[in-house]
Amino acid sequence: GMPDRMGDVGQNLRKLNWEDETLVTVQKNFYQEHPAVAGMSEDEVVKARARLNASIEGRPPHPKPVESFEHLALPPDLLRTV
């Protein structure tokens with residue numbers, strides 16, 4: 001067969017003992033609800049989910065549905081491309 005194109009990458013890695021490491025807690029909650037979404041009534045939420053044919057699983061609270069890219073906190077460059 002063909003030689004491995006990655007060669008000896010990773011040969012010097014050592015097994016890590018996680019008991020000796022100190023880990024930090026990372027909270028990944030970057031979503032900020034758009035005012036138009038935050039202002040939706042429960043009736044509007046139910047109707048939007050029906051329009052989107054969306055079903056929700058898991059424990060509440062559930063996020064309200066987003067129907068517009070403008071309601072997401074996307075960078076302007078990315079928003080122009082969608």
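This is a predicted model: local features need pLDDT of at least 70, side-chain atom pairs count only at pLDDT 80 or more; totals for chains, interfaces and linings use all residues.
Reader: Okay, is Phe 69 buried, exposed or partly exposed?

Author: Phe 69 is partly exposed, at a relative accessible area of 47%. It also belongs to a nonpolar surface patch of about 450 Å², together with Tyr 31, Leu 72, Leu 78 and Val 82.

Reader: Let me zoom out. What does the secondary structure of the protein come to?

Author: Three helices and zero strands. Along the sequence, that reads as α-α-α.

Reader: Now a single helix. How do I read the sides of H2, and which of its residues are buried?

Author: The general idea first: an α-helix has 3.6 residues a turn, so residues three or four places apart point the same way. In H2 the buried residues are Val 45, Ala 48 and Arg 49. They cover an arc of only 100 degrees around the axis, so they lie on the same side of H2. The face turned away from that buried side carries the exposed residues Ala 50 and Arg 51.

Reader: On to salt bridges. How many are there?

Author: Here's the idea: side chains of opposite charge can pair when their charged atoms come close. The count here is three salt bridges. In one of them, Lys 47 meets Asp 43 at 3.1 Å, N to O. These two are four residues apart in helix H2, so about one helical turn separates them. Lys 47 is partly exposed at 47% relative accessibility, and Asp 43 is partly exposed too, with 45%.

Reader: What about the salt bridge of Asp 77: which residue is its partner?

Author: Arg 80, with the closest N and O atoms 2.7 Å apart. Asp 77 and Arg 80 are three residues apart in helix H3, which again means a separation of about one helical turn. Asp 77 counts as exposed at 53%, and Arg 80 is exposed at 62%.

Reader: Which residue forms a salt bridge with Glu 67?

Author: That's Arg 51, and the closest N and O atoms are 2.6 Å apart. This pair links distant parts of the chain, 16 residues apart: Glu 67 is in the loop between H2 and H3, while Arg 51 is in helix H2. Glu 67 is partly exposed at 43%, and Arg 51 is exposed at 56%.

Reader: Last one, backbone geometry. Where is Asn 53 found, and what is its phi?

Author: Asn 53 follows H2, with a positive phi near 55 degrees, and it is found in the loop between H2 and H3. The phi is positive although Asn 53 is not a glycine. The residue is exposed, with a relative accessible area of 71%.

Reader: And which residues does the cis peptide bond join?

Author: Pro 60 and Pro 61, with omega about 10 degrees. Pro 61 lies in the loop between H2 and H3.

Key:
Residues are numbered from 1 along each chain as its sequence is written. Side-chain values use heavy atoms; hydrogens and water are left out. Patches are made of residues with over 30% relative accessible area and no salt bridge: like charges are joined within 9 Å, nonpolar side chains (Val, Leu, Ile, Met, Phe, Trp, Tyr) within 5 Å. Accessible areas come from the Shrake-Rupley method with a 1.4 Å probe; for residues, only the protein chains shown count as cover. A salt bridge is a side-chain nitrogen of Lys or Arg within 4 Å of a carboxyl oxygen of Asp or Glu. Buried means under 20% relative accessible area, exposed over 50%, partly exposed in between (1.4 Å probe, protein chains only). The arc is that of the directions from the helix axis to the C-beta atoms.
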